[in-house]
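I opened the notebook today to look up a few features of this protein.

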Amino acid sequence: MKLSIQIARTRFWLALASTMAVLSASNAQEGSKFSSDYIPNDAVVAGMFSPSQMMSSPDWEMMPTEVIRAAGLEYFGVDPLNIEAVKLIAGVPNPQAPQGGLVVRFGKDFAIGDLKPAVLNAFEKQEVNGRFVYQTRQEPVALMYQVDSRTIVVGMGGYFRSMLAASNGVEGKLPTMVNRLTHESGVTVVADLNRIRPLISGILQRSAQQLPPPLRELAEFGQLADSVYVNLTFGAANGEFRLAVLGRDEASAIRLESILSNAIDFGRATLMAQMM
């Protein structure tokens, strides 16, 4: 497993786009465009992967792709090899009303009605504002909508409307950042930490005492980082993890670089000790 980490030493978040462009160019593989379509202004995390691209990759030659395809068809009525892209979106966590959804883009025409009855039975078809949507029969409420012959949008409760309103992209921080990226193979995740800083910081600080002393400084991450980019590729025999972090300012970026470097050194030393 190859590991690559890059820290952006700038307070201007738009510089993250340049950081990501460098990462993409350094080990680029053909990938689809990571667009901001259906990502609302208040989104905090966006992720994308292409099942068809992953399963067609040479890295997946030894993976059980036929088993995965058969399972997809048997349980959902969907051939994963026909899924061109999946985009996952999350807003600020809200215990009373989950904020998130996903967009599925198929390589060939696929209708909601083609899903297996066991899946469709969990939804009720109804008309909402002139659109025919499928709504879950039980809480939490999720809505599913066929945008066109190859695109299906699923959103939680009120977030569904926010996603549709952003169908052509919006000018928020995360959507703008995402729109500047070219998606690589594997799984790509981009996060804007500003809206969820108290949550992230609280979780890290509460967990710090459970970590070995050399890793406890990771509790500072939430207060130092502005945005995060992660790309993970994997196959039967190899994989690669790449991380880029944008500091809130130059001092934060320098501190982040030190914290992450120390964590990597500790992990490497621990692994070597276990192998001896």
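My entries below go through strands, a helix and some ring contacts.

**Entry 1, the model.** I am working from a predicted model.

**Entry 2, strand 10.** I began with strand 10, residues 225-234. Seven of its 10 residues are buried, so the rest of the structure largely encloses this strand. Which strands pair with strand 10? I found strand 9 (residues 187-192) running antiparallel to strand 10, joined by six bridges. There, valine 189 stands opposite valine 230. Strand 11 (residues 239-247) is also antiparallel to strand 10, with nine bridges between them. In that pairing, asparagine 231 has arginine 242 of strand 11 as its bridge partner.

Next I looked up helix 9, which covers residues 250-275 and has 26 residues. From first C-alpha to last it reaches 38 Å, close to the 38 Å expected. What caps its N-terminal end? I noted aspartate 249, with a side-chain oxygen 3.2 Å from the backbone nitrogen of alanine 251. The buried residues I listed in helix 9 are Ser252, Ala253, Leu256, Ile259, Leu260 and Ala263. A reminder to myself: residues three or four places apart in an α-helix point the same way, because there are 3.6 residues a turn.

I found one aromatic pair in the structure. Phenylalanine 106 and phenylalanine 110 are stacked, 4.6 Å centre to centre with 25° between the planes. Phenylalanine 106 counts as buried because its relative accessibility is 4%, under the 20% cut-off. Phenylalanine 110 is buried too, at 8%.

I also checked charges over rings. The charged end of lysine 125 sits over phenylalanine 132, 5.3 Å from the ring centre. Arginine 131 lies over the face of tyrosine 145, 5.6 Å from the ring centre.

Conventions
Residues are numbered from 1 along each chain as its sequence is written. This is a predicted model: local features need pLDDT of at least 70, side-chain atom pairs count only at pLDDT 80 or more; totals for chains, interfaces and linings use all residues. Side-chain values use heavy atoms; hydrogens and water are left out. Helices (H or I, at least four residues) and strands (E, at least two) are DSSP runs, numbered from the N terminus. The expected span of a helix is 1.5 Å times one less than its number of residues. Buried means under 20% relative accessible area, exposed over 50%, partly exposed in between (1.4 Å probe, protein chains only). A polar contact is a pair of N or O atoms within 3.5 Å; within protein, one must be able to donate a hydrogen and the other to accept it, and residues adjacent in sequence count only if both atoms are side-chain atoms. Rings of Phe, Tyr and Trp (its six-membered ring) pair if their centres lie within 6.5 Å; planes under 30 degrees apart count as stacked, over 60 as edge-to-face and the rest as tilted. A charge sits over a ring if NZ of Lys or CZ of Arg is within 6 Å of the ring centre and within 35 degrees of the ring normal. Two strands pair if DSSP finds at least two bridges between them.
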